[in-house]
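Have a look at the model first, then read on.

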Amino acid sequence: MNLWDEIVMSLNNQMEHVKTNLVESGVGDYASYREMVGYYQGLAWARNDLTDIIKIRFHDEEGE
């Protein structure tokens with residue numbers, strides 16, 4: 001497993017943890033809910049955006 005796979009796996013695990021907490025534990029109030037959803041969205045953005053960057057970089061390196 002390379003470094004990038006480990007990063008994606010870690011982000012996926014964190015996202016799964018947030019989903020599990022929202023579904024099973026719930027949250028105390030709406031502010032906490034918004035915080036958890038925002039955290040999840042940030043993780044998803046990071047994973048998706050970084051994946052795109054890595055693909056572009058890798059593709060560019062292969063083309064050169």
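## Tyrosine 30 and its place

Tyrosine 30 sits in helix α2; helices are DSSP runs of H or I with at least four residues, numbered from the N terminus. With a relative accessibility of 58%, tyrosine 30 counts as exposed (exposed is over 50% relative accessible area, buried under 20%, partly exposed in between, with a 1.4 Å probe and protein chains only).

This is a predicted model, where local features need pLDDT of at least 70, side-chain atom pairs count only at pLDDT 80 or more, and totals for chains, interfaces and linings use all residues. Residues are numbered from 1 along each chain as its sequence is written, and side-chain values use heavy atoms, leaving out hydrogens and water.

## The aromatic pair

The structure has one aromatic pair. Tyrosine 30 and tyrosine 33 make up this stacked pair, at 6.1 Å centre to centre and 25 degrees between the planes (ring centres must lie within 6.5 Å, and stacked means planes under 30 degrees apart).

Why are tyrosine 30 and tyrosine 33 separated by about one helical turn? Because they are three residues apart in helix α2, which covers residues 30–63. Tyrosine 33 counts as partly exposed, at 39% relative accessibility.

## The nonpolar core

Leu11, Met15, Val18, Leu43 and Ala44 form the largest nonpolar core, five residues in total (a set of buried Ala, Val, Leu, Ile, Met, Phe, Trp, Tyr and Cys residues joined through side-chain atoms within 4.5 Å). Helices α1 (3–25) and α2 each supply at least two residues of this core, and α1 gives the most, with three.

Methods. Phe/Tyr/Trp six-rings, centres within 6.5 Å; stacked < 30°, edge-to-face > 60°.
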